[in-house]
Amino acid sequence: MSAPEQARATVPRSSQASVPRQVGTLAATRAVLGKELRLERRAPQTLVAMAIFSATAFVIFHFALQRDTLEGGLAAGVLWVTLTLAALLGIGRSFVADRDEGGLDGFLLAPVDRTALLAAKVLTLLVFLVAIELVAVPLFALLLLEPTPSAGQWLQLAAVLALADIGIAVIGTLVAAMAVRTRARDLITSILVLPLCIPLIIGASQASEPLLSAGTGGAPARWLAVLALYDLIFGLLAWALFDYLVED
Amino acid sequence: MPTSKRLYGNRLAILAPLATVVVLASLALAFFQAPIEADQGFSQKIIYIHVPLAITTLIGFIYGGICAIQYLRSGNPRDDLRSYTAIHQSLIFCIGALLTGMIWAKASWGQWWVWDEPTLVSFLIVFLLYCTYQPLRFSIEDPERQSRYAAVFAVVAGAFVPLNFIAVRLADPLIHPRVLGTAEGGLTNGMKPAFYLGILGALLLFFTLCRYEMANKHTRAQLKALKRRFGQDAPARAGRSSAPEVPAQ
């Protein structure tokens with residue numbers, strides 16, 4: 001290779017090194033999600049608290065309602081109140097470490113799309129919710145639920161849980177990003193998340209009521225559609241609005 | 001700092017009397033011209049107040065959301081102020097709609113609160129959500145961020161309103177009289193003028209009150225600017241406010 005040719009070959013490499021490498025949104029999402037999960041694995045905090053909270057809530061419901069077994073609408077209500085309040089614990093922690101330890105500033109300095117942060121946080125919350133449901137729902141069935149659902153009903157319940165979880169994760173991330181910069185973070189999170197979740201709870205408990213009753217009823221498709229519509233609209237809203245919450 | 005002479009007042013001078021006349025005319029029509037309904041009797045007259053309040057509340061919340069979108073696009077503090085006043089006034093109208101709805105429920109079903117009445121329940125949920133608007137603003141110190149976050153909230157809540165209505169309505173059997181839907185169901189010809197004038201009156205009242213609140217905020221900002229111009233220090237505010245600060249024109 002002659003000298004000019006060699007020079008030409010090295011030019012792109014050196015210019016590449018001076019310009020910051022553009023990281024794709026997907027790679028950034030994966031990196032942040034990996035960070036969140038690693039953090040939780042190394043110092044389990046949120047998941048443990050959510051699981052303990054759910055178990056305690058079932059015991060409290062047993063004594064408060066003075067019932068040994070639950071079915072139908074009452075069972076759906078107890079399950080969804082517990083899961084929503086447990087989700088609130090996870091939502092409240094969502095951005096705290098990033099703000100306190102400067103992770104948020106670091107992310108904003110990085111040349112990546114902010115949507116990656118939204119996606120990673122939603123996925124983290126989703127993973128947390130699914131993880132505690134894997135513990136809390138069987139525990140609920142064991143402790144309180146009387147007619148054990150059939151295999152098909154379990155599958156449908158899983159679909160209802162997944163659709164509701166997506167909605168809770170999206171709303172939770174949006175509110176958590178907002179609340180982390182306020183003075184009264186915990187107060188703002190709870191009072192904002194709960195009313196925004198009411199349509200989700202309506203849909204989820206209506207859809208799971210027949211699954212938790214005696215009989216072979218399935219989840220009404222109309223309620224699954226309402227949940228999916230809610231997820232879609234709030235997903236789009238969060239995508240459009242998230243940049244304004246992490247601008248500075 | 002130059003202060004403009006043209007305040008909101010001149011438009012307010014037209015709007016306020018107009019709103020008064022239309023509201024009084026609609027009430028007069030409702031009480032003296034509209035026929036007494038056969039089923040519910042005199043208590044049915046409350047729809048000429050309740051339904052306009054409810055419709056105006058919803059329009060106001062959605063208008064607040066649209067102003068918030070404009071604020072996010074333009075960054076103009078006036079849009080934020082518009083969004084703030086619209087939501088503030090709508091919240092007051094919402095309380096009115098809830099109270100009149102409860103009175104109506106008591107008169108026609110004998111109970112102050114009925115859960116199987118989807119519209120009333122939806123209003124309660126929407127009311128609870130918008131109640132958090134002021135605490136949210138109040139808990140953010142930086143004014144620019146306060147406006148931006150409040151705008152994000154207003155857009156999310158504006159989208160929430162129709163979704164919530166769909167969910168609550170699907171969840172309950174329909175017993176609320178559909179005043180506007182189903183081919184004018186329930187409204188006879190004699191009732192229509194009072195009813196539509198009532199809606200117009202409530203809307204005019206809403207926009208008059210919004211303008212009034214905005215004029216108030218602008219006047220305060222101008223007063224502050226004038227005081228500063230004449231060498232007085234603006235008095236330090238005790239505590240923070242959830243209302244947006246407007247720059248004097």
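In the predicted model, the axes of helix 8 (residues 151-179) of chain A and helix 9 (residues 185-212) of chain A come within 9 Å of each other and cross at roughly 165°. Because angles over 145 degrees count as roughly antiparallel, helix 8 of chain A is roughly antiparallel to helix 9 of chain A. The crossing in which helix 8 of chain A passes helix 9 of chain A is right-handed. On the side of helix 8 of chain A, the contact is formed by A:Q153, A:Q156, A:L157, A:V160, A:A164, A:G167, A:I168, A:I171, A:G172, A:V175, A:A176 and A:A179. Helix 9 of chain A contributes A:R185, A:I188, A:T189, A:L192, A:V193, A:L196, A:C197, A:L200, A:A204, A:A207, A:S208 and A:L211. Sorted by class, the residues of this contact between helix 8 and helix 9 of chain A are 17 nonpolar, 6 polar and 1 charged.

Helix 8 of chain A also packs against helix 7 of chain A, and the axes of these two helices come within 9 Å and cross at roughly 135°. Helix 7 of chain A and helix 8 of chain A are therefore oblique to each other. Their crossing is right-handed. From helix 7 of chain A, the residues in contact are A:L118, A:K121, A:V122, A:L125, A:L126, A:L129, A:V130 and A:E133. They meet A:L161, A:D165, A:I166, A:I168, A:A169, A:V170, A:G172 and A:T173 of helix 8 of chain A. The contact of helix 7 with helix 8 of chain A comprises 11 nonpolar, 2 polar and 3 charged residues.

Helix 7 of chain A (residues 115-143) is 29 residues in length. From its first C-alpha to its last, helix 7 of chain A reaches 41 Å, close to the 42 Å expected at 1.5 Å a residue.

Chain A as a whole contains 10 helices and 0 strands. Along the sequence, its pattern reads α-α-α-α-α-α-α-α-α-α. Taken along the principal axes, the C-alpha atoms of chain A fill a box of roughly 85 × 40 × 30 Å.

In the contact between the chains, 24 residues come from chain A and 25 residues from chain B. On the side of chain A that touches chain B, helix 8, helix 9 and helix 10 (221-245) of chain A each supply at least two residues. Helix 9 of chain A provides the largest share of this side, 10 residues. The residues of the side of chain A that touches chain B fall into 18 nonpolar, 3 polar and 3 charged.

Within chain B, the axes of helix 2 (residues 47-74) and helix 6 (residues 143-171) come within 8 Å and cross at roughly 135°. This angle makes helix 2 of chain B oblique to helix 6 of chain B. Helix 2 of chain B passes helix 6 of chain B in a left-handed crossing. The residues of helix 2 of chain B in this contact are B:L58, B:F61, B:I62, B:G64, B:G65, B:A68, B:I69, B:Y71 and B:L72. The contact of helix 2 with helix 6 of chain B has 12 nonpolar residues, 4 polar residues and no charged ones.

Terms used: Residues numbered from 1 in each chain as written. Chains lettered and ligands numbered in written order. Predicted model: local features only at pLDDT ≥ 70, side-chain atom pairs only at ≥ 80, totals over all residues. Helix = DSSP H or I, 4+ residues; strand = E, 2+ residues; numbered from the N terminus. Expected span 1.5 Å × (residues − 1). Axes fitted to C-alpha atoms, helices over the stretch in contact; angles between N-to-C directions. Parallel < 35°, antiparallel > 145°, perpendicular 65-115°, else oblique. Left-handed = near helix turned anticlockwise from the far one by under 90°. Contact = placed C-beta atoms within 7 Å. Nonpolar A, V, L, I, M, F, W, Y, C, P; charged D, E, K, R; others polar.
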